[in-house]
Amino acid sequence: MQKITSLFKSILVSGASGDIGIGIGRILKSEGFENVYGCDINVDSWGLCIFDEMMQVERADTSNYISGLIALIAKLNIDLFIPSSEAEIKVLIGYGEKLEETLGCKVLITNTNTINIALDKLQTATFLKENSFNFPWTLKATDGLPPSLPCIFKPISGQGSKGLEVVKNKDRAKELFNSPGYIFQELLLPDDQEYTCGVFRSKSGTLRLIHMNRTLSGGFTAKGAVIENETIEEYVRSIAETLNVVGIINMQLRLTNDGPVLFEINPRISSTVVFRHKLGFEDLLWAIEDLANLPLRSYTKPKAGTKVYRGLAEYFEK
């Protein structure tokens with residue numbers, strides 16, 4: 001079987017100073033890819049110790065982002081670009097089917113329809129409701145006060161716990177009311193039943209899943225345990241197939257008394273990408289193989305109960 005390392009000889013990973021970009025770089029280097037470059041708005045970071053070279057780029061929301069990215073791809077003779085941040089992905093999908101032609105290389109990115117729904121938390125909840133899946137009640141903060149308290153207040157678009165607040169009383173809800181770009185959303189309980197669910201689906205419809213009960217620290221998964229739960233499995237599988245996902249996404253949900261309820265979809269490679277890779281869930285490599293029209297390497301599900309932990313490490317650049 002032809003190796004993907006021979007097909008993609010020069011790879012650029014964006015967000016290369018962040019945990020997702022670093023994770024992608026670590027996996028690519030461990031698999032034997034050569035010429036793995038990183039780019040970020042900040043290059044004085046641990047990315048210097050992971051990537052062959054770090055390049056500075058403009059923020060995704062600036063007018064020079066795309067032109068600078070095109071120039072960098074041409075300069076480095078890049079044949080595969082892997083964006084890792086939602087801010088960039090939001091800009092890139094605006095180019096639709098002309099994205100790869102515009103950038104001049106292959107791009108590892110999830111299909112546009114899935115991204116558009118996932119980037120908007122109100123649209124995500126609406127999709128769930130319209131397709132008869134369990135959903136959290138969700139209301140634009142400009143449309144009214146929350147129907148029940150406590151509840152969650154968070155940006156319509158955004159990642160992690162940035163801008164998130166638990167609203168506990170009516171007075172605080174009234175203060176937050178009419179905040180543009182924000183939503184009120186049902187607070188799903190119990191809070192120790194939160195799951196991060198990795199989803200990979202190929203162009204031909206091959207679907208692979210992994211579920212972990214997780215504990216957050218600072219908005220990131222600090223530790224987790226692999227679980228097997230038929231109810232969660234069927235819920236996630238049905239959503240992925242109804243969305244017609246092609247590529248990699250990450251679903252965040254809580255297992256409530258009414259069953260699993262999804263509250264967020266991340267339309268990108270997850271911050272737990274290294275966890276998963278070491279467990280045999282090699283979604284990054286499967287996605288590259290699928291992009292190259294190669295057969296997918298095999299997958300054996302990790303043993304339920306397997307625990308993972310995120311620790312600290314030191315890097316030295318000489």
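**Cysteines, a sheet and a threonine**

A: The sulfur of Cys49 lies 17 Å from the closest cysteine sulfur, the one in Cys39, which is too far for a bond. This is a predicted model: local features need pLDDT of at least 70, side-chain atom pairs count only at pLDDT 80 or more, and totals for chains, interfaces and linings use all residues. Residues are numbered from 1 along each chain as its sequence is written, and side-chain values use heavy atoms, leaving out hydrogens and water.

Q: Is Cys151 buried or exposed?
A: Buried, at 0% relative accessibility. Cys49 is partly exposed, at 29%. Buried means under 20% relative accessible area, exposed over 50%, partly exposed in between (1.4 Å probe, protein chains only).

Q: New topic. What order do the five strands of the open sheet take?
A: The order is 3-2-1-4-5, with parallel pairing. Strands are DSSP E runs of at least two residues, numbered from the N terminus. Two of them pair if DSSP finds at least two bridges between them.

Q: Which strands stand at the edges?
A: Strand 3 (53–56) and strand 5 (106–107). Each has a single partner strand, so one side of each lacks a neighbour in the sheet.

Q: How many bridges join strand 2 and strand 3?
A: Four, in the parallel sense. Asp40 has Gln56 in strand 3 as its bridge partner.

Q: And where is Thr196?
A: In strand 10, residues 194–201. Thr196 is buried, at 2% relative accessible area. Its side chain makes a polar contact of 3.0 Å with that of Asn250. A polar contact is a pair of N or O atoms within 3.5 Å; within protein, one must be able to donate a hydrogen and the other to accept it, and residues adjacent in sequence count only if both atoms are side-chain atoms.

Terms used. Disulfide = S-S within 2.5 Å.
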